[in-house]
Amino acid sequence: MPPRNSKTKSAQTTAQRLASTLKSVRDIMRKDKGLSGDADRLPMLTWLMFLKFLDDLEQTHQAEAEFDGRTYRPVLDGVYQWRNWARSDVTGDDLLSFINSERYESNSGDTIPGLLAHLRALQGDGTRDRRTVVADIFRGVQNRMINGYLLKEVVQKLDALDFTSSDESHTLGALYEGLLKEMRDAAGDAGEFYTPRPVVRFMVAALNPQLGETVLDPACGTGGFLVEAFDHLKAQARTTEDHETLQERSILGGEAKPLPYLLAQMNLTLHGLESPQIDSGNSLRHNLGELGDGSRVDVILANPPFGGEEERSIQNNFPADKRASETALLFMQLIMRRLRRHTQQHPGGRAAVIVPNGFLFSDGVGGRIKQQMLEEFNLHTIVRLPNGVFAPYTNIPSNILFFDRSGPTQDIWYYDHPLPTGRKNYTKTQPIQFEEFTPLLDWWHAREENDRAWRVDVSAIAGNNYNLDVKNPNAAPDLEHLPPEQLLADILGKERRILALLEELQAELGKEVVSA
C-alpha cells in the first residue's frame, strides 16, 4: 500500500516539473529581441499553450468518437495541427514564415495560408462553435518573436506539456494564475485586468452560485471571477448530466480587449472549461431596452472598468436620462438589466459588483442609477474595503455592492472590513488574504450590529439624495484622518482633561497632608 502522502509528493513533483518547464520557456523568450517584457512574453506563451491544449483535446475527442463509432470533425487538420507543425523539422526563418505569412509555400510546393492567417479565417456554425472561438482568439494575435530558432526551442519545451492529464492541467491552471499576477505587477495596463483573488473568492462564497444557475461577468478581463465561479460549481457536479450543465450552460463572460480576451480563454481552459463562452465584443453595444428575459442570468460578478469613457454610439443604447460617457455607470445599468426577474418560480438574480467610493456619493446620472437600484432592486449589503486592496495601482477606497431582484430595498447593511491589526495599508508585498474574510463570512448568515456592522433605513438614503457613502456610526474616531483644526481641538481637550485630573489629585493629596 503506498504511503498516505504519496499523492501530495506526486503533486509537488508535477508542480515543480511544470514550473521548471515554464521557467525554461520564459528564459528562452527573454533572449528574443522582439519581446520587450512580460507584457509581450505572456500573450505569446498563452497562444502557443492554447494550440498545444487544443491539439491534446482534439486527439482525446477523436479517440472517444472512434470508440463510439462516430465521425469527428477536428477544428484544425493537416499541417495546422500542433502535432504536425510543432514536431516537424521546420525551423528558423521557415518556421517564422509558416506562422507569420498570409501565404506560405509548403515543402510540396503548394501555396497555403500561414498558421495565424488560417486560424483567423476559421468559420464555425455559430458563436459557440469552437472554430468561431478560435478565430475570435487569434484575430488579435501576433507572433512577436523574431528568432525562429528560439521559437522552435519554445515550441519543443511546450510540447512536453500533457493537457490530457487532469492533474497536470490543474497544476498548469494554478501556475498560469501566478503568471497573470506577475503580468499585473510588470505592466501598468494589466492592473485593470486583475482583481485580487481573495476578494474574488469572498464574493463567490457570499453569492454561493448553484449548479444549474448561469454566472456572468460582462467585463471579465482575464476571467478571475469566472474561474472562481467555475471551480465553485465544479465541486457540485456529480453526474454526467451535471458535468454537461457545468460545461455548456453555466459560465458566460464578455471582454472587448483582445489581450485580456485571449488570457481569459486560456485561464478558463486550463481550469477545465473546454469551450469558454466569452463574447469578444463590447458588452455595452446592445440597446438596453431590447435586452429581454432571454439575456438575463442568475448571478453576476463584476469589477467594471472605472475611469473609462464610451463613445456616443454606445451611450445612445441607454435611457436618455441615464446616458454618460463613464463606462462604469453604463455597466451598472447593464448588470441591473441582465439580472433575472423575480417570479413565483424564481427568487430573482443576484449580483456582487466592486465600485469605488465615488460611485457611492455620485449625483446626476449616478444618483438616478442608485435611485433605480433602491426602488427596483434589493441593495441589501455594502462591504467597505480598506485602503490598498488594489495597491499599488490605486489607493482609491473601494466597496462591494450586493443586490438582488427580490424586491425594493428596505434597509442596507454596511460592513466595514478592517485592515489586519497593526497595519495601515495593504501593499504589493503584503496583499489582502482570503482568511481575513472569515469574520465577515461568519457574520453574513447571522447578522447583528457591532463595531464593524450597521444598518441604515432606505428612507435615510433617499432623503440624502441617494448618497450611499454612510460612515460607520459605531467606530471610534480615526484621529489620523481628522482635519487639522479638529485634531488640534481633540488634543487640547484631552490635555485639559488630564490637567483637571492632576489638579483633583493634587487637591486630594493636599487634604491628606492637612488631616495628617
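Author: Start with burial. Of the 516 residues in the protein chain, 49% are buried. Buried means under 20% relative accessible area, exposed means over 50%, and partly exposed lies in between, with a 1.4 Å probe and protein chains only. The model is predicted, so local features need pLDDT of at least 70 and side-chain atom pairs count only at pLDDT 80 or more, while totals for chains, interfaces and linings use all residues. Residues are numbered from 1 along each chain as its sequence is written, and side-chain values use heavy atoms, with hydrogens and water left out.

The largest nonpolar core has 100 residues. A nonpolar core is a set of buried Ala, Val, Leu, Ile, Met, Phe, Trp, Tyr and Cys residues joined through side-chain atoms within 4.5 Å. In soluble globular proteins, nonpolar side chains tend to be buried together. Leu48, Trp85 and Phe202 touch the most other members of this core. Helix H2 (residues 38-68) gives the core its largest share, 11 residues. Helices (H or I, at least four residues) and strands (E, at least two) are DSSP runs, numbered from the N terminus.

Look at Phe202. Leaving out residues up to four places away in sequence, Phe202 touches Val383, Ile400, Phe402, Phe434, Phe437, Leu440, Leu441 and Trp444. A contact means heavy atoms within 4.5 Å. A second core is separate, with 32 residues, including Leu329, Phe359, Leu401 and Tyr466.

Next, the sheet. It is open and mixed, with 9 strands in the order E5-E4-E3-E6-E7-E9-E8-E10-E11. Two strands pair if DSSP finds at least two bridges between them. Strand E5 (277-279) and strand E11 (453-457) are the edges, each pairing on one side only. Within the sheet, strand E8 (residues 378-384) and strand E9 (residues 398-404) run antiparallel to each other over 6 bridges. Leucine 379 has phenylalanine 403 in E9 as its bridge partner.

Charged pairs come next. The whole structure holds 27 salt bridges. A salt bridge is a side-chain nitrogen of Lys or Arg within 4 Å of a carboxyl oxygen of Asp or Glu. One of them joins arginine 197 to glutamate 177, with the closest N and O atoms 3.1 Å apart. Arginine 197 sits in helix H9 (residues 197-207) and glutamate 177 in helix H8 (residues 166-186), 20 residues apart. Both ends count as buried, because arginine 197 has a relative accessible area of 18% and glutamate 177 has 15%. The pair belongs to a network of salt bridges that links Glu177, Arg197, Arg201 and Glu228.

Compare two other pairs. Arginine 341 bridges to aspartate 293, again with closest N and O atoms 3.1 Å apart. Arginine 341 lies in the loop between helix H14 (327-338) and strand E7 (350-356), and aspartate 293 in the loop between E5 and strand E6 (299-302), so the pair ties together parts 48 residues apart in sequence. Arginine 341 is partly exposed, at 40% relative accessibility. Lysine 471 meets aspartate 469 at 3.5 Å, N to O. Lysine 471 is exposed at 56%, whereas aspartate 469 is buried at 18%.

Last, step back to the chain. The protein chain has 19 helices and 11 strands. Its C-alpha trace spans about 115 × 55 × 55 Å along the principal axes. Among contacts between residues at least 6 apart in sequence, 73% join residues at least 24 apart.
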